[in-house]
Amino acid sequence: MKILILNGPNLNLLGVREKAIYGNRSFEDYFKELEGAFPGLELTYYQSNTEGALIDKLHEVGFSYKGIVFNAGAYTHTSVALSDAIKAIDTPVIEVHISNVYKRESFRHKSMLAPYCEGCIVGFGLESYRLALQYFERLKPKQIGFSV
């Protein structure tokens, strides 16, 4: 089962920026751990600071992959274009955030993406990604809209 983990702007700086909020591990290191923890899933990772590149990736995999775990970073709160891209594809998307966005600035309390996602996981650090992968792992492909 192919699953894309898609990260947006500034998430390439995990382990370096704002460690009190985002921790001290790079996502690349954490991704290796996820690959080991989910041998039954074919995980792919992509990160971009550019909105258009994220849209292109959603279009590229949005009709063939079984799931997308998406941390759009600040674009979550501003991007109608990403919202429309999620709405346009067939692959189910789970929105994730490392920090609890509801404990932060009020502009972070609104997600433009959430109405078109299967669900949202926030505030569990990097483990937010693991929780999303567990959701996909436990569902049969047929249950998430794909034939076996």
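The exercises below, each with a worked solution, concern a predicted model of one protein chain.

Residues are numbered from 1 along each chain as its sequence is written. Because the model is predicted, local features need pLDDT of at least 70 and side-chain atom pairs count only at pLDDT 80 or more, while totals for chains, interfaces and linings use all residues, and side-chain values use heavy atoms, with hydrogens and water left out.

**Exercise 1. Describe how helix α3 packs, and at what angle α3 and α4 meet.**

Solution. In α3 (residues 51-61), the buried residues are A53, L54, I55, K57, L58 and V61. These buried residues pack against β1 (2-7), β2 (42-47), β3 (67-71) and α4 (80-88). For the helix pair, axes are lines fitted to C-alpha atoms, for helices over the stretch in contact, and angles run from 0 to 180 degrees between N-to-C directions. The angle between α3 and α4 is about 5°, with their axes 9 Å apart. α3 is therefore roughly parallel to α4, since angles under 35 degrees count as roughly parallel, over 145 as roughly antiparallel, 65 to 115 as roughly perpendicular and the rest as oblique. From α3 the contact draws on E51, L54, I55, L58 and H59, and from α4 on A81, L82, A85 and I86.

**Exercise 2. Identify which residues have the most contacts inside the largest nonpolar core, and locate L34 and V69 by their contacts.**

Solution. A nonpolar core is a set of buried Ala, Val, Leu, Ile, Met, Phe, Trp, Tyr and Cys residues joined through side-chain atoms within 4.5 Å. The largest has 21 residues, and those with the most contacts inside it are I5, F27, L34, V69, Y129 and L133. Two or more residues each come from β1, α2 (27-37), β4 (93-97) and α5 (127-138). A second, separate core of 18 residues includes L4, Y65, Y75 and L113.

Turning to L34, this residue lies in α2 and is buried, with a relative accessible area of 0%. Leaving aside neighbours within four places in sequence, L34 is in contact with I5, F27, L43, Y129, R130 and L133. The C-alpha atoms of L34 and L133 are separated by 8.7 Å, although the two residues stand 99 residues apart along the chain. With the same exclusion of neighbours within four places in sequence, the contacts of V69 include I3, I5, I94, Y129 and L133.

**Exercise 3. Decide whether N10 is buried, partly exposed or exposed, and state where N10 is found.**

Solution. N10 is found in the loop between β1 and α1 (19-22). At 37% relative accessibility, N10 counts as partly exposed. For its backbone, recall that most residues other than glycine have a negative phi. N10 has a positive phi of about 70°, although it is not a glycine.

How values were computed: Buried < 20%, exposed > 50% of the residue type's maximum accessible area, 1.4 Å probe, protein only. Helix = DSSP H or I, 4+ residues; strand = E, 2+ residues; numbered from the N terminus. Contact = heavy atoms within 4.5 Å.
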